[in-house]
Amino acid sequence: MTSYISHPLIKKNSIESRLYQQVLAGDVLKKGNTMVVAPTALGKTIVAILVAADRLHKVKNSKVLILAPSKPLAIQHEDSFKEFLMLPCSSITGAVKTDERVKRWEESRIISATPQTVESDLLNGRYDLSDVSLIVFDECHHGVGAYSYVYLASRYVQESNYNLILGLTASPGSDKAKIKEVCENLYIQNIVVKTEQDSDVRPYFNPVEIDWVRVKMSSELEKIKKYVDKALKVRLKALKNMGIIRTVSVGKVDILKARGRVQGEIARSVNPDKELFQAISILSAVINIQHSQELIETQGIQTFNKYISRLRKKKTKAAKSLMWDDNFGRAVKMAREAERHGWEHPKLREVTNILKKELGSDDGQTKLQSTRFKDKDEKSSKIIVFTQYRDTLEMIHQKLEKEGIKSAKFFGQASKDGEKGLTQKQQKAIIKSFRMGEYDVLLSTSVAEEGIDIPAVDLVILYEPVPSEVRMIQRRGRTGRKRTGRVKVLITNGTRDEAYYWSSVRKEEHMKYQLIDPKVLEELNASAVERMEDQKRIKVLDRPKVEENKPVVYADSREGNSKVIRHLTEMEIDVKVRPMAVGDYQVSDDVVIERKTAKDFVDSIIDKRLFKQARELSEEFKRPLLILEGDDIYNGMLNPNAVRGTLASIAIDFGISIIPTRNSQDTAAMIKRIAVREQNGEKTHIQIRTDKKPVSLWEQQLFIVESLPNIGPVNAKNLLQHFGSVEKVITASETELQEVEGIGKKTAKNIRKVVESKYLYFEKEIKEKKLL
């Protein structure tokens, strides 16, 4: 007879009584901040619900915050807590308007949210964490680097009067340093590991059978790959002769390191050798070829061809050199022919055959099961196929549709190569349809790896192994929830698939060792406890109780979740986030600060944003500043002299002081120092510029001329001074244009081409309308 948990806040007969879940919850409540590591489907969410019920019952009028890395997962947790607990529960995500988020926070005792949204609300002062008695970090292995979990844990420890942190994960990773970082960042004092082998877990755990399905690469693919290999070999030999690499036996990581070394050499040189830029171009081509090899070996013809079509559109020397390469060009031609003849990667045929067999077939035609729409008992076979690339996802989808197998594509919200991502609403609708049996197969990228609730999946097919033990565990965890699960992993013999498989196996074994080794656990726990005590001392001793006359810094709303804003709030700065027309930070009526990372600085030179922004800064404020963050300003494809010339122009032509900083924390410290200096300890009203000054006629003229190819502010000014009007600039001949200082033959030719060329997009629109 089934027994159920009895608790004043838990709905009657809703949670089955499982001893191991109660013990886990008890450990968290007794030992403090805890990371629970357990396989998917062991009920980690139930453990969180049990801990939450106890905290909400004992700490009167407190709240529980559940954080999840994605919107669907946050909403899924909201549904789970609503199902089992008798208290107001709601979700907060970026899709909810700010006023509604504040209302939900105030009216709910249980809030499920995405961390970026909560971080944004905290930085904007919409609410605080003082009355939160428990924070649950789901998929807590994300708590590294600059991820929002790190900031929220630190803020919670300092603000809350009743600290308790619970981290949940199936896979914290194999790297000891990363596990330690997660524990330190989330103040974890205790790690509890549960495995399917534990005696108290085994009765509730459905085993997962893993079948490694090996396929042999077809002769057509072998021929294509042979020419790609030749193109790679030529470039690797060139790099070896240049002294960039020591051997031609190198992988992707080696090439990336080599590129970093060359970029560093360019950055350190006053006048870099042209050979270094040539090396960068060759290294970029090698990266493209290595990716092409992977697609041919592990994905298929269509995926490779789509990649090539995107490569053709790139204007870089590396991409052009590949298109002109005889060997690579021959491989591209053969791949087009292969697709025209319908030749496929053996994996595509294999996955189709597996699905036919699983779903039942009659003379090659798929026979849909009669129980497909029976959602209550869920006896119909549910299958997920995981693949790494959207192009492969589309290829499999088309193949299954031809075979009469109904499949749904499930991928992320980001748009890629013209294809719009799925909205949260669309994702939910697809999962619901799949659960109801409207589709036989769910085809998914990595978006369904973590947490998405797809119950009773009988079979998971991995189109390729992934070298990450975390992702392999997450994918595998999609099955075996209601009954014995099965996983089939497709591997192409003698390819990267083999290496990725063994890599994930070794990492998973190493992860288990790290988590069960008492010495490792003791070391991790001691480190976390020490940091927790440091934060408590900060909270008690260093944090001022009176918050009068704090320096005020206005931050542009586009800075959003910037790490600079995080650090400013930690430095006791009153940060007010507002939409600003010019600049990123304002500390007085006269001083505005534009912050650029080294990469953004270089990118803004290339796309011509920088000079436009510099002009606006100098026109709107008496003392504009540019903070240049990072020490790798020359580590790019742009010639260092171009960077130096830009810096000189910013300082001399626009009168903008340039301040270098090392990182976001250093930037925050510098902004604080400037604010303290400007405000001098006084509470000063600062007029924020939400609108730019009206644009004058001469500014509009400069803007039009600057839009011409290779024309910056200096050349635009020279052209207008020489010809006297925009009209005369536009109508000038190549010869006349070359009379102007700074305008060469190539620039003059490009200007005439833009001015004289027919508007082709209009023809494209006409053709499309005719087709419709």
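Modeller: Angles over 145 degrees count as roughly antiparallel, so H8 and H13 are roughly antiparallel to each other. Keep in mind that this is a predicted model.

Colleague: At what angle do the axes of helix H8 and helix H13 cross, and within what distance do they come?

Modeller: The crossing is at roughly 160°, and the axes come within 7 Å. H8 covers residues 219-241, while H13 covers residues 326-340.

Colleague: Is the crossing of H8 and H13 left-handed or right-handed?

Modeller: It's left-handed as H8 passes H13. On the H8 side, the contact is made by Lys223, Ile224, Tyr227, Val228, Lys230 and Ala231. H13 brings Asn327, Phe328, Arg330, Ala331, Met334, Ala335 and Ala338. Sorted by class, that contact has 9 nonpolar, 1 polar and 3 charged residues.

Colleague: And empty space inside, how do I look for that?

Modeller: Rolling a probe the size of a water molecule over the atoms shows where empty space is left. Here the count comes to 3 cavities of 30 Å³ or more.

Colleague: Which element gives the most to the lining of the second largest cavity?

Modeller: That's H22, with 4 residues. Strand S19 (591-597) and helix H22 (609-620) each supply at least two residues of this lining. Among the lining residues are Glu594, Lys596, Leu610, Gln613, Ile650 and Ile656.

Colleague: How does the lining of the second largest cavity divide by class?

Modeller: Into 6 nonpolar, 1 polar and 2 charged residues.

Methods. Residues numbered from 1 in each chain as written. Predicted model: local features only at pLDDT ≥ 70, side-chain atom pairs only at ≥ 80, totals over all residues. Heavy atoms only, no water. Axes fitted to C-alpha atoms, helices over the stretch in contact; angles between N-to-C directions. Parallel < 35°, antiparallel > 145°, perpendicular 65-115°, else oblique. Left-handed = near helix turned anticlockwise from the far one by under 90°. Contact = heavy atoms within 4.5 Å. Nonpolar A, V, L, I, M, F, W, Y, C, P; charged D, E, K, R; others polar. 1 Å grid on protein atoms, 1.4 Å probe; cavity = no way out; pocket = protein on both sides within 12 Å on 5 of 7 lines; lining within 4 Å. Points joined across faces, edges and corners; volume = space filled by probe spheres on them.
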